[in-house]
Amino acid sequence: MSAEDALFQRFGKEFPKSTILFREGESGKEMYVLQAGRVLITKRVRDEQKTLAVLGPGEFFGEMALISNKPRNATATVTEAAKLLVIDPKTFEGMIRGNTEIAVRMIKKLAERLADADAQIETLLLADPGSRVVHHLLTACQTRGRAAEEGVEIDLQLRELPAVTGVGEPGVRSMLERLERLGLVERSGERLTVRDTARLDEYLSFLEMRWKFGDL
Ligand code: CMP
């Protein structure tokens, strides 16, 4: 039996699509590790549910309430049938004490999450909606881009963009179409290729200037 199967036998649970694992504000002490499937992390802002992250296999969540003894700071919903390890506080402490590699991996992941949150704050601070879409694409290229023949490739779920950029779907769509017309990006299903990130960065500067000084 593989180590992963052994862990699943001890701590594993399966959850169907649409299960709400926990809601923001609830108390809860378990941490979850995703072995398969997908989980959406959302937060209520005013009256809307905003996406903070879409997590996939190998990622963990629910550690904040466990570590800080505070209520859940976001809601977790299964969006693709999931296999999860459900870790209680005692087991968590034992794992961290007994295996420094797990602790180091967690710290690295938390640092990445903080960097992502900083990038998202930067995106949202841009006044021009078009610039926010472009800035998000550039950040995604840096953090999760793959080198491809034609540039840098990223997986992009169009429906997530409004929540992370604060731009409505028509605005997102029209900006992506414009970028395609300008030959700056290419789209194929849920994959987007940025031909030349330096040129896209220049285009972002142009949008910012235009926002600041207006059209002629
Ligand atoms: P917890 O507060 O226990 O419950 C909600 C969980 O969502 C939280 O722990 C984190 O694991 C996770 N979470 C919160 N903010 C983010 C974020 N920006 N990116 C990824 N996961 C997050």
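Student: Why is V86 called buried?
Tutor: V86 has a relative accessible area of 16%. Buried means under 20%, exposed over 50%, and partly exposed in between, with a 1.4 Å probe and protein chains only. So V86 counts as buried. This is a predicted model: local features need pLDDT of at least 70, side-chain atom pairs count only at pLDDT 80 or more, and totals for chains, interfaces and linings use all residues. Residues are numbered from 1 along each chain as its sequence is written, and side-chain values use heavy atoms, leaving out hydrogens and water.

Student: Where is V86, and what does V86 touch?
Tutor: V86 lies in strand β6 (residues 75–87). Leaving out residues up to four places away in sequence, V86 touches F11, K13, E30, M31 and Y32. Contact means heavy atoms within 4.5 Å.

Student: Why are α4 and α5 called roughly antiparallel?
Tutor: The axes of α4 (residues 100–125) and α5 (residues 129–144) cross at roughly 160° and come within 9 Å. Angles under 35 degrees count as roughly parallel, over 145 as roughly antiparallel, 65 to 115 as roughly perpendicular, and the rest as oblique. The two helices, α4 and α5, are therefore roughly antiparallel.

Student: Which residues make the contact of α4 with α5?
Tutor: D116, A119, E122, T123 and L124 come from α4, and R132, H135, H136, T139 and T143 from α5.

Student: Which domains does the protein have?
Tutor: The domain assignment gives domain 1 (3–101) and domain 2 (124–213). Their centres, taken over C-alpha atoms, are 30 Å apart.

Definitions and conventions: Axes fitted to C-alpha atoms, helices over the stretch in contact; angles between N-to-C directions. Helix = DSSP H or I, 4+ residues; strand = E, 2+ residues; numbered from the N terminus. Domains from an automatic or database assignment.
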